[in-house]
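Hi everyone, thanks for coming. Let me put the sequence and the structure up for you.

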Amino acid sequence: MDFSIQQGLGRFQQIDYHAILGVPLDAGPQDIRRRYMRVARALHPDTTGHLSEEDRQIAAQLLSRLVNPAYEKLFNDKVRAEHNLILKMIGQRVAQDTLPFETEAANLLLRQSDPETYYRETLGKLNERQFAVPHETMQVINEISELNLAMLRWQYAGNTVAFVNRPAPTPVATPEAPAASTPPPAAPEPAKPSFLDQFYNRAEELVRMKDYPGALRELDDALKLDSGDARCLSLKGYVYLQTNQLKMAKIHFERALKRDPSNTRASQGLEVVEKMLAKQAKENEAKAKTTPEKKKGKGLFGFFGK
């Protein structure tokens, strides 16, 4: 059986932990734990005796391969915060898109006067049948993920209301104007961030949160796409500088400057690192000069004398 999510967030190569557990996107730790306990009980071998042998095996796999990992991810505050950042970026992207939805529920959400209430009510209905028949569970999870994606689009489209206050666009030709043979130029579509940009943006956000291990993970993924990207290398050097790994910082700043000599973060960071390394070298040299003198009187020659 295929346990991957193809719809909703699955279209962005993201695992939808909320859809797996069947909790709303804004669920807190208590809601997540309450839902997990209910689902874990429903899928546990001790409670699935009424199912066919095939469904019992699928239930056990759903629990071990999807539900338990999803709970571990979402119940961890730090991991949940990182995951929410990813959801935010996807929401901002789909808010500017005309991405069609593949389920009726997702399409209906965007036509509602109160999408939030519709979202919670529809999620509740999907929850009722999500784990009732294990071999149909993945289909329901995909439906929930599609609903989540529609909710993200609505949510982040709503956050762009402030753009209404921007200056009005240039008016189109008036009726008395000569019949223009050339149509007005179409507004350029906003550029979509590349996968490398998405990794980099998440890393920037994590650096601001001082989650340096998380930022390094994002940057490592970005550098798999382009090992010489100067922005990622300089940001990685900055992370190493913040964690006092000076030699690693120096290596990454130098690599960034090799690709882009005008990279300000790398040039400034390298200057700081070289000063700190020089200071360390002087301190080590001073220690090296004082240490032998202390030992001089305690050595064998000092003990026996001339």
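Before we look at any residue, a quick word on terms: rings of Phe, Tyr and Trp (its six-membered ring) pair if their centres lie within 6.5 Å, and planes under 30 degrees apart count as stacked. Please keep in mind that this is a predicted model.

So, how many aromatic pairs does the structure hold? There are two. Let's start with Tyr-36 and Tyr-71, a stacked pair with 4.0 Å centre to centre and 10 degrees between the planes. This pair links distant parts of the chain: Tyr-36 belongs to helix H2, residues 29-43, while Tyr-71 belongs to helix H3, residues 53-75, and the two are 35 residues apart.

Are these two tyrosines buried or exposed? Tyr-36 has 14% relative accessibility, so it counts as buried. Tyr-71 is buried as well, at 11%.

Now stay with Tyr-71, please. Its ring also pairs with Phe-75: the centres are 5.1 Å apart and the planes are at 25 degrees, so this pair is stacked. Here both residues lie in helix H3, four residues apart, which is about one turn of the helix. Phe-75 is partly exposed, with a relative accessible area of 33%. Put together, the ring pairs link Tyr-36, Tyr-71 and Phe-75 into a cluster.

Last, two arginines. The charged end of Arg-231 sits over the ring of Tyr-200, 4.5 Å from the ring centre. And Arg-265 lies over the face of Tyr-238, at 5.6 Å from the centre of that ring.

That's my tour, thank you!

Note on methods:
Residues numbered from 1 in each chain as written. Predicted model: local features only at pLDDT ≥ 70, side-chain atom pairs only at ≥ 80, totals over all residues. Heavy atoms only, no water. Phe/Tyr/Trp six-rings, centres within 6.5 Å; stacked < 30°, edge-to-face > 60°. Buried < 20%, exposed > 50% of the residue type's maximum accessible area, 1.4 Å probe, protein only. Lys NZ or Arg CZ within 6 Å of the ring centre and 35° of its normal.
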